[in-house]
Amino acid sequence: MNLNNKQRVLGRIALIRAGFNPVTDRTPPRYAFQMDVAFQSARLGGGPEDPVRFRVGLKRCELVFVPSKGQSGLTIDKRTLVAGHLPTTVTIKQHIEATSKAGGTASMGLGPSGLTGGLAMEAFVSRSKSVEALSEQTVPILLGTRSQSEDGYQSWNVSRTDGAPVLDGLLWDANSEQARFELIDNRPAETREQEKRTGLHPTFTIEVRCKREDLEVTEIGLTSPTDARIMHTLLNRGKSLKAAEAFIKKKLQEEGLRVGDLNEFYSDLVVSDLIISLVENADI
């Protein structure tokens with residue numbers, strides 16, 4: 001897997017590692033695509049020239065596999081797609097209690113000829129038994145669910161299963177887990193030979209996409225003493241969030257990542273991307 005690729009990212013919020021490994025003895029040629037993503041909350045701002053400092057994390061996101069425009073002859077084998085999960089897991093324990101009862105009624109009365117059935121006397125006997133069972137289920141903390149992006153590319157929706165507010169930890173493991181999928185190379189042999197001579201190979205981009213509402217911005221502090229005092233008043237608390245949003249937009253633009261209007265909760269963002277090449281005999 002070739003790791004000599006440049007990544008653009010907001011802070012260190014989502015660090016991508018991805019590449020292709022040739023699948024041996026297959027015709028037409030195949031390449032196993034492997035990837036992992038390390039998520040964490042990023043601290044931004046706080047520098048001498050920065051107006052604000054804060055922490056930002058992802059509540060959820062979408063990983064998208066984007067081929068270069070005009071590329072043909074390389075297709076994903078849909079039969080090889082896997083969802084995958086994080087190696088770190090949490091165990092959920094369930095407590096089950098069942099109760100059973102058995103009983104009956106009897107009634108007796110005193111008549112002219114002795115004891116008869118009636119309502120004068122009633123007896124009820126019951127027995128109960130409680131059964132306690134404990135079941136355990138191991139589930140991934142980070143879940144990557146196979147999907148398709150709005151623009152039609154292969155994607156995975158990433159979320160947490162334990163209720164924590166932001167994504168944190170490693171999704172998948174590019175070194176040890178099964179490949180995400182296999183790519184089939186149906187191009188002419190002459191095309192592949194020319195790539196070897198020129199060193200110009202097909203490229204793909206892995207994007208970490210989200211909506212504005214998927215960003216969790218916390219621990220905001222304005223670095224200007226005057227602004228910091230103003231921030232504590234009830235009517236001006238929204239100013240700190242606006243300053244953090246403006247800083248996020250500025251950083252994404254500096255990285256060349258796509259960013260929309262952060263005042264809109266459903267605005268689209270790309271907080272991280274990685275361009276990878278289809279290179280045979282790459283470092284694994």
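A residue counts as buried when its relative accessible area is under 20%, as exposed when that area is over 50%, and as partly exposed in between. This briefing applies that definition to a predicted model. The protein has 284 residues, of which 36% count as buried. Its secondary structure consists of 3 helices and 16 strands.

**Overall composition**

- The protein exposes about 16,600 Å², and carbon and sulfur atoms supply 50% of that area.
- Among the contacts with a separation of 6 or more, 72% are between residues 24 or more positions apart.
- The structure contains 22 salt bridges.

**The salt bridge between D77 and R30**

- The side chains of D77 and R30 form a salt bridge, with 2.9 Å from N to O.
- This pair links distant parts of the chain, since D77 belongs to strand β7 (residues 74-77) and R30 to strand β3 (residues 30-39), 47 residues apart.
- D77 has a relative accessible area of 6%, which is under 20%, and therefore D77 is buried.
- R30 has a relative accessibility of 8%, so R30 counts as buried.

**The salt bridge between R209 and D151**

- A salt bridge also joins the side chains of R209 and D151, at 3.1 Å from N to O.
- R209 lies in strand β14, whereas D151 lies in the loop between β10 (142-148) and β11 (154-160), so the pair ties together parts that are 58 residues apart in sequence.
- R209 counts as buried, at 12% relative accessibility, whereas D151 is partly exposed, with a relative accessible area of 41%.

- The side chains of K251 and E254 meet in a salt bridge of 3.6 Å, N to O.
- Both K251 and E254 lie in helix α3 (residues 237-255), where they are 3 residues apart, about one turn of the helix.
- K251 counts as partly exposed because its relative accessibility is 29%.

- T205 is placed in strand β14, which covers residues 203-211.
- The relative accessible area of T205 is 18%, so this residue is buried.
- When residues up to four places away in sequence are not counted, T205 touches V64, F65, V66, D273, L274 and I275.
- One of these contacts, F65, is 140 residues from T205 in sequence, yet the two are 6.0 Å apart in space, C-alpha to C-alpha.

**A sheet of three strands**

- An open sheet is formed by 3 strands in the order β4-β5-β15, and their pairing is antiparallel.
- Strands β4 (42-45) and β15 (215-222) stand at the edges with a single partner strand each, so one side of each has no neighbour in the sheet.
- On average, neighbouring strands of this sheet are turned by 20 degrees against each other, direction ignored.
- Strand β5 (residues 52-58) and strand β15 run antiparallel and are joined by 6 bridges.
- L58 has L215 as its bridge partner in β15.

Conventions:
Residues are numbered from 1 along each chain as its sequence is written. This is a predicted model: local features need pLDDT of at least 70, side-chain atom pairs count only at pLDDT 80 or more; totals for chains, interfaces and linings use all residues. Side-chain values use heavy atoms; hydrogens and water are left out. Helices (H or I, at least four residues) and strands (E, at least two) are DSSP runs, numbered from the N terminus. Buried means under 20% relative accessible area, exposed over 50%, partly exposed in between (1.4 Å probe, protein chains only). Contact means heavy atoms within 4.5 Å. A salt bridge is a side-chain nitrogen of Lys or Arg within 4 Å of a carboxyl oxygen of Asp or Glu. Accessible areas come from the Shrake-Rupley method with a 1.4 Å probe; for residues, only the protein chains shown count as cover. Two strands pair if DSSP finds at least two bridges between them. Axes are lines fitted to C-alpha atoms, for helices over the stretch in contact, and angles run from 0 to 180 degrees between N-to-C directions.
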